[in-house]
Amino acid sequence: MDSDGTQDARGTHASPVPRPAGPPEVPAMPPNSPGVPPRPDRVPGVPPMPDGSSFLTWLRTSRPEAPPGVWRFGHRPRPDEEPDVIPTRQLLSGAVIAFLCGWLLCSLLFNGYLGDFWLWPYLVLAPDSWILGKAGVWGAASWVYEALVFAAIFAVFGRVGHWPELWRRYGPAAWSRSTRGDGPPPVPEADPADWPALRAAGAVDAAERLAADARAGLMRDVDHARLSRAWQGVRSGRHTLASFNRAVVQEGAAACMHPSGARDLPARLARHDMFTGQVRLGTNVDDPRNPYAYRGTGLALGPDLLGTSLVAVGPAGSGKTGTVVRPLAESLCLHALAGRAAVVVVGAAGAGLGPADAYDVVVRIGNQESEYDLDLYGGTTDPDEAAAVLAEALVGDLADPHPGSDSRRSTTVLAQLLGPFRAVHGRFPSVPELRQLLDGAPGPFAALRQGLQETGQESLLRELDARERQMGQPGDVGGVLGDRVALLDRPAFAGFFDTSGQSRPFTLKALDHPVRVRIDLPQRGHADASKMLARLVLAQFTASVAVREDRSLFACLLLDDATGVVTPEAVRGIQRLRSGNAGVVLTLRTLDDVARPLRGPLLGATGCRMALSGVTPWDGQDFAEVWGKEWTEARDVTDRQIIAETPAGKAVHMLRRVITGKAPTARAVTVRQVERERWSASELAHAVPAGHAVLSLTDVKGEHAPPLLVDLRG
């Protein structure tokens, strides 16, 4: 296990590494028999069990408070303002000149060229016996006095020549730091490996068992995070101290397991710190445009930042999936194993969002071998709620793109059909049945009418009558809804979106539990259907997190390629996620995939905004407007030619022109405060190197970080 606790420890997987079979038994021989080697303490070829030192090092590493987005593992805070650093050339030349001046002054004093005034303090204060040479101490005392005077002179010139700075920058201490680093970070005062919080609460037995497992190498970072989460449940009253203590004493680091039984992911590609919940995405570039406190630090995201949602814009191949979505999905899956989060990852099949073993539920829409199905109605039993979510998925992109618009007419049409159908059949219609109802097929309508008349559902009969009157009228949206539903009524989707109970549909109502879900959307030949399904998942997610019972569980939706997904209702839903301890991550190839009236509201609704390398200038303009301007110091330098009026001055100017090749000039520097864009559209389009991005951050507490230039490859 590395110092950040990201590697595996033997025997702590969901499927531990099996030990090889032992050697064949041999007849027992006397222990003192000649030529008999000593019995090995373990099976040959099997490495010893880890001692837990790597995990303890990771656990005890300091994590000081830092600005939003800074990788806190082993972080060493830097000042907010950059200190004035003397250039190397100026520092070396000044130190040499100061030494020569000090040596010259000492030489003049020692050889008497400046008189003997500097000996007066010694002559006045020293005893007569020393001055007259008695007792043989004149030479030694005078040498000491001269050494003190010369040391004082060199101390003054050393201060003028910045010798201490030269020593700090190029002395042996600097060379040792460059070879072995800055040394280990400071260790916290209280050893977290002893679980002091449990001891203070009286769970001494549990603390002893966990401390023993940690030192024996049986605990990993996910175990620590999971047990810390369980302890928070004890403190909040959701669990009892007795049950927690009993489970920990019996099972140790394996207590309070995730329902899947997994204690880690099959593989990790990014660096994670489960103590703080961060995942490292890159490194803040040492660039003047970045604040000094961020330069050279690691960039990391966690639930505190994802709770304000993230939108990442960059062309194909800029690294949205590999450097942003995949690490975040991996981190949230680890949080789910620790009982901290529920994650839903949506993307195209084969997009590289992680192996199937890293998820609890994998829905492969369009793949007949898929074990799970997707609930078209979000697991609700309310026809109005189901109609609102389904209308957003079907025709949300056709609504007026201005923020105040919605799809109420489509919702009403669907509610007029879903309510009567559920009253008669006890379930919602399947995709073929819904298509027939929207197309106005006489058979299904007659069957619904007969069923409602038999049960005496007069109010639902009026709904059905209203739907029949509206069919075929100008402005009726039933035909548009039917055309959209027809995109899902294809042979490739046969067997999906089943409502008869014969499949295993996944519903986003399960976000009350720490579940890991991946939904693969079909792409080839079904691009429009994939966009509808992405809108469906987003609408169900925003509706489900608002009614969760346990909001201490962070819920996040990662939507790789949100083209055609951003609608007015989606923007309003994203704005409400922060209060529900939830967030979304959206990636776009360009902001042109979002309607012009919605670009500003989308960037305003998300607290974290990322522009990757290669964005277009018009996309950069939208980011530049959102990031605003700042006051900066502008220096205007002007050169004015000097005109000599005397013959001597003209001769000097002629000599300078011969030597330098330029006319003598006087430089004037004007410093003023101006307001400029933090990042202009041109800089975002042309000044961001490949593999880099510009990212602004805002956490759920309201603290924010200005746009940062980040190297996503480091």
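The dialogue below takes up pockets, cavities and helix pairs in turn.

Q: What kind of model is this, and how are residues numbered?
A: The model is predicted: local features need pLDDT of at least 70, side-chain atom pairs count only at pLDDT 80 or more, and totals for chains, interfaces and linings use all residues. Residues are numbered from 1 along each chain as its sequence is written, and side-chain values use heavy atoms, with hydrogens and water left out.

Q: How is empty space found, and what separates a pocket from a cavity?
A: Rolling a probe the size of a water molecule over the atoms shows where empty space is left. On a 1 Å grid over the protein atoms alone, a cavity is a set of points where a 1.4 Å probe fits but cannot get out, while a pocket is an open set with protein on both sides within 12 Å along at least five of seven lines; lining residues have an atom within 4 Å of a point. Points are joined across faces, edges and corners, and a volume is the space filled by probe spheres set on them. In this structure the largest pocket holds about 1200 Å³.

Q: Which residues lie nearest the centre of the largest pocket, and which helices supply its lining?
A: R72, Q232, F275, T276 and G277 lie nearest the centre, out of 42 lining residues. Helices (H or I, at least four residues) and strands (E, at least two) are DSSP runs numbered from the N terminus. At least two lining residues come from each of α8 (196–200), α10 (221–236) and α12 (303–306), and α10 has the largest share, with 7.

Q: How many residues of each class line the largest pocket?
A: Ala, Val, Leu, Ile, Met, Phe, Trp, Tyr, Cys and Pro count as nonpolar, Asp, Glu, Lys and Arg as charged, and the others, Gly among them, as polar. The lining of the largest pocket has 20 nonpolar, 12 polar and 10 charged residues.

Q: What is the volume of the second largest pocket, and what lines it?
A: Its volume is about 710 Å³. It is lined by 23 residues, with P288, R289, N290, P291 and E630 closest to the centre. Strand β13 (629–641) is one of the elements giving two or more residues, and β13 gives the most, 4. The classes are 10 nonpolar, 2 polar and 11 charged.

Q: How many cavities are there, and what lines the largest?
A: The whole structure has 5 cavities of 30 Å³ or more. The largest cavity has a volume of about 70 Å³, and its lining includes L265, P266, R326, C333 and Y359. That lining divides into 9 nonpolar, 1 polar and 2 charged residues.

Q: How do α17 and α18 cross?
A: Axes are lines fitted to C-alpha atoms, for helices over the stretch in contact, and angles run from 0 to 180 degrees between N-to-C directions. The axes of α17 (residues 442–455) and α18 (residues 458–470) come within 10 Å and cross at roughly 160 degrees. Angles under 35 degrees count as roughly parallel, over 145 as roughly antiparallel, 65 to 115 as roughly perpendicular and the rest as oblique, so α17 and α18 are roughly antiparallel.
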